[in-house]
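Reader: I am new to this structure and would like to be guided through it. Could we begin once it is on the screen?

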Amino acid sequence: MKKFDLKKTVAKARSLDYKKLARDFVYGKPAGERRLGDLYMDKTGLYKHREWRGIKDTFYYFNKVWLYNYGMMVYDVMRYGGIVTFAKGCWRYRWMGQTYLPVLHWFDRGMEGLRGEALRACPWHYRGMVNATIFQFMQMFRNDLNLNKSDKVRAKHDKTMAHDETVWGGVFYPFSKEVENVPLQMVPYFVTCHVNNHTVLNYIDAVQSLGLPGDPCPMCQAEAGLFVLDDVPDYYKAVITSNEACDGSVGTSILQDWAYDKPLFAMPQPMQFDDPLVQKHCRREIEECWKFIEEQTGMPMNWDVFVEYIEKYNQLTLFEREKWDVAANTPYYPINGVGQALYRIYYSQDGYRDIWAQTDKKVKKIMYRCVEKKIETFPETRHRVLAWSCAPLYYSHWCTWAYNCWGLNTIMNMDSLMFDIDMRTDTKEHLM
């Protein structure tokens, strides 16, 4: 055991800058001195202690992020199906317990190092995603024949459509009043690996144990593994598929089709979407998809509802462009790379939901305040970055690391540029 050296201890205490220590306690350490890696125990993803952001921001985070979101999560579970349905889903599906119970750790990772207005804008994006996720998995559990085979549940089950996560939610707008739609992979796989990226390893192992080579995209393997382990709720009457994010998804679709063995409509998305002949083909394909939904659910499409939801989605697109404009031309943009990318990917694929409009209203107020008062939210920015890559950037801390180590401020992700066309609703021809 080391001998206690009083002289050294006294000398060290005298050398401390107590004014700086007091300032760091009150306001938090400035960017460049935060050493966020020190928050973690070596070689783990576990915190040694929470991040101290100064008195004001630490208490804001505790009250307006932690307590508020835990309360809202309970509220969302209760209004979308109830605690009993939620508990059944947690007990039955492995991805549920592993991922969504410790979801506030996802907030912690995404908000590391944030102060001031950035700490106020970014959590609203996470709140929107959490609300939409709870809404979707509670839809799954409410209509799940694995959990309840009553006539009431079967009636809801038979008016619910499943679809690949890359089938845009807007396809279902004409049926929004009568038919539910929940993407097959978004909740059990895509969101889970951002919250806890160890969750999917179990599913990759499962599908490789059947002989699938290890070289295809792990996303596609994990999605197939969900079905191998029977870990997908039986909540839907029929399925709409698409060409997913990569070539490996072709094999995945075959495995999934074998597994769920339900009516299926394939709607591949073309790459050359500006070609007039391709547009004509796509229009016919979408109309055929609507006929398929009508046949499976017995509900007719409603053109007025379709237009109503398209116009609502156009408002989301309009604000997204405002955000891009502020990010590109000013240092006053209060949203970090993780919040921008995940929120944009989520709502652009999911389609319009009320939570997106509510989130945008809150974020707009904060962003306008930053611009009007010239508040520099990321003062260490040396370069603004477009991240031309996909999801791993956002569960591997890349944006946080790039900004704090190099001053690289990620303002937009590749997937942010999906579904960003303003859709005309003045005539049916234009809209189609």
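**Strands, helices and core**

Author: Strands S1 and S2 run parallel and are joined by four bridges. Please keep in mind that this is a predicted model.

Reader: Which residue in S2 stands opposite His163?

Author: Opposite His163 stands Pro183 of S2.

Reader: And how many bridges join S1 to S3?

Author: Three bridges join S1 to S3, and these two strands are also parallel. Within that pairing, Ala162 has Val239 of S3 as its bridge partner.

Reader: In what order do the strands lie in the sheet?

Author: The order is S2-S1-S3-S4, in an open sheet of four strands with parallel pairing. Strand S2 (180-183) and strand S4 (264-266) each have a single partner strand, so one side of each lacks a neighbour in the sheet. On average, neighbouring strands here are turned by 25 degrees against each other, direction ignored.

Reader: What joins S3 to S4?

Author: Strand S3, residues 238-241, runs parallel to S4 and is joined to it by three bridges. Ile240 stands opposite Phe265 in S4.

Reader: Back to S1: are its faces covered or open?

Author: Both faces of strand S1, residues 160-163, are covered. Thr160 and Ala162 are buried on one side, and Met161 and His163 are buried on the other. In general, the side chains of a regular strand alternate between the two faces of the sheet.

Reader: Let us turn to helices. Which residues of H11 are buried?

Author: In helix H11 (residues 201-208), the buried residues are Tyr203, Ile204, Ala206 and Val207. They fall within an arc of 160 degrees when seen down the axis of H11, so they line one face of the helix.

Reader: How many residues of H7 are buried?

Author: Of the 27 residues in H7, 23 are buried, so the helix is mostly covered. From its first C-alpha to its last, H7 reaches 40 Å, close to the 39 Å expected at 1.5 Å a residue.

Reader: Which residues touch the most other members of the largest nonpolar core?

Author: They are Trp95, Met96, Phe137, Phe141, Leu184 and Ile240, in a core of 108 residues. Helix H7 (residues 116-142) gives the largest share of this core, 13 residues.

Reader: What is Phe137 in contact with, leaving aside its neighbours within four places in sequence?

Author: With those neighbours set aside, Phe137 is in contact with Phe86, Trp95, Met96, Tyr100 and Val187.

Reader: A new topic: what is the phi of Asp230?

Author: Asp230 is not a glycine, yet its phi is positive, at about 55 degrees. Asp230 lies in the loop between helix H12 (218-228) and S3. Its relative accessibility is 45%, and Asp230 therefore counts as partly exposed.

Reader: And where is Phe419?

Author: Phe419 lies in the loop between strand S6 (408-413) and helix H20 (428-431). Phe419 is a residue other than glycine with a positive phi, near 55 degrees. Having a relative accessible area of 26%, Phe419 is partly exposed.

Reader: Lastly, is Arg109 buried or exposed?

Author: Arg109 counts as buried, because its relative accessibility is 12% and buried means under 20%. Arg109 belongs to helix H6 (residues 104-110).

Reader: How many residues apart in sequence are Arg109 and Asn146?

Author: Arg109 and Asn146 are 37 residues apart in sequence, and their C-alpha atoms are 34 Å apart in space.

Definitions and conventions: Residues numbered from 1 in each chain as written. Predicted model: local features only at pLDDT ≥ 70, side-chain atom pairs only at ≥ 80, totals over all residues. Heavy atoms only, no water. Pairing = 2+ DSSP bridges. Axes fitted to C-alpha atoms, helices over the stretch in contact; angles between N-to-C directions. Buried < 20%, exposed > 50% of the residue type's maximum accessible area, 1.4 Å probe, protein only. Arc of directions from axis to C-beta. Core = buried A, V, L, I, M, F, W, Y, C linked by side-chain atoms within 4.5 Å. Contact = heavy atoms within 4.5 Å. Expected span 1.5 Å × (residues − 1).
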